[in-house]
Amino acid sequence: MHPVAPWFPMSTAPDLTRPQAPELLAAMQSLGHALGAPDEDPLWVDRTLHRLQVVGEAFAAHVEAAEGADGIYADAVRTDGRLGFRAMRLCREHIAIESRLASITALVRSPGVEPMAIRHPIDVLLNELRKHRQRGADLIFEAYQQELG
């Protein structure tokens, strides 16, 4: 097997050993931990809402860094034009995830909401975010790596 090397100087390539959007990952993990807290905790809903808002802020920062003319997706497509469809799919996922975040936030803010009504939608959200992050990491890896032959 040949070593893997970047298509262009490492000074301009992203660090492929570093998780993309580490703040988002940390926020997701914190929200996931909140789901494991006992329902009887009187602050459960408030803590979950706070962690959900942190995920929303981190996701908004991710979207800003990923989209646009200078975003990581545009850079990946400039590096390998074949990746355009996958980058567009990731941008469409941003819209869907933002919508789900808004719906869940509204649910959590509902008066008298029970933790059991919140757990499943948040679990679905976290699963979507995990899949989205993996597809994004795959896109970045494919754009910036090739085998030398």
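Modeller: Let us begin with a definition: an angle over 145 degrees between N-to-C directions counts as roughly antiparallel. Please bear in mind throughout that this is a predicted model.

Colleague: Why are H1 and H5 called roughly antiparallel?

Modeller: The axes of H1 and H5 cross at roughly 155 degrees and come within 11 Å. The cut-off is 145 degrees, and H1 and H5 are therefore roughly antiparallel to each other. The crossing of H1 with H5 is left-handed.

Colleague: Which residues make the contact of H1 with H5?

Modeller: From H1, Leu24, Leu25, Met28, Leu31, Gly32 and Leu35 take part, and from H5, Arg119, Ile122, Asp123, Leu126, Leu129, Arg130 and Arg133. Eight of these residues are nonpolar, one is polar and four are charged. Gly32 belongs to this contact, and Gly counts as polar under the classes used.

Colleague: What makes H2 and H4 roughly antiparallel?

Modeller: Helix H2, residues 44-66, and helix H4, residues 84-109, have axes that cross at roughly 160 degrees and come within 10 Å. With the limit at 145 degrees, H2 and H4 are therefore roughly antiparallel. Their crossing is left-handed. Among the H2 residues in the contact are Leu49, Leu52, Phe59 and Val63, and the H4 residues include Ile97, Leu101, Ile104 and Val108. By class, the contact of H2 with H4 comprises eleven nonpolar, five polar and two charged residues.

Colleague: What is the angle between H3 and H5, and how far apart are their axes?

Modeller: H3 and H5 pack at an angle of about 35 degrees, with axes 8 Å apart. The crossing of H3 and H5 is left-handed. Ile72, Tyr73, Asp75, Ala76 and Thr79 of H3 meet His132, Leu139, Ile140, Ala143 and Tyr144 of H5. Seven residues of that contact are nonpolar, two are polar and one is charged.

Colleague: Why is Ala76 called buried?

Modeller: Buried means under 20% relative accessible area; Ala76 has 0%, and is therefore buried. Ala76 lies in helix H3, residues 72-79. Beyond its neighbours within four places in sequence, Ala76 is in contact with Leu83, Leu139, Ala143 and Tyr144. The C-alpha atoms of Ala76 and Phe141 are 9.1 Å apart, although 65 residues separate the two along the chain.

Colleague: Where is confidence lowest, and where is it highest?

Modeller: Strand S1, residues 4-6, has the lowest mean pLDDT, 36, whereas H4 has the highest, 96. Over residues 1-11 pLDDT stays under 50, and the model has 25 contacts beyond four places in sequence for that stretch. The protein averages 85, and 84% of the residues score at least 70.

Colleague: In what order do the elements run?

Modeller: The order from the N terminus is β-α-α-α-α-α-β, which comes to five helices and two strands.

Key: Residues numbered from 1 in each chain as written. Predicted model: local features only at pLDDT ≥ 70, side-chain atom pairs only at ≥ 80, totals over all residues. Heavy atoms only, no water. Axes fitted to C-alpha atoms, helices over the stretch in contact; angles between N-to-C directions. Helix = DSSP H or I, 4+ residues; strand = E, 2+ residues; numbered from the N terminus. Parallel < 35°, antiparallel > 145°, perpendicular 65-115°, else oblique. Left-handed = near helix turned anticlockwise from the far one by under 90°. Contact = heavy atoms within 4.5 Å. Buried < 20%, exposed > 50% of the residue type's maximum accessible area, 1.4 Å probe, protein only. pLDDT = per-residue confidence, 0-100.
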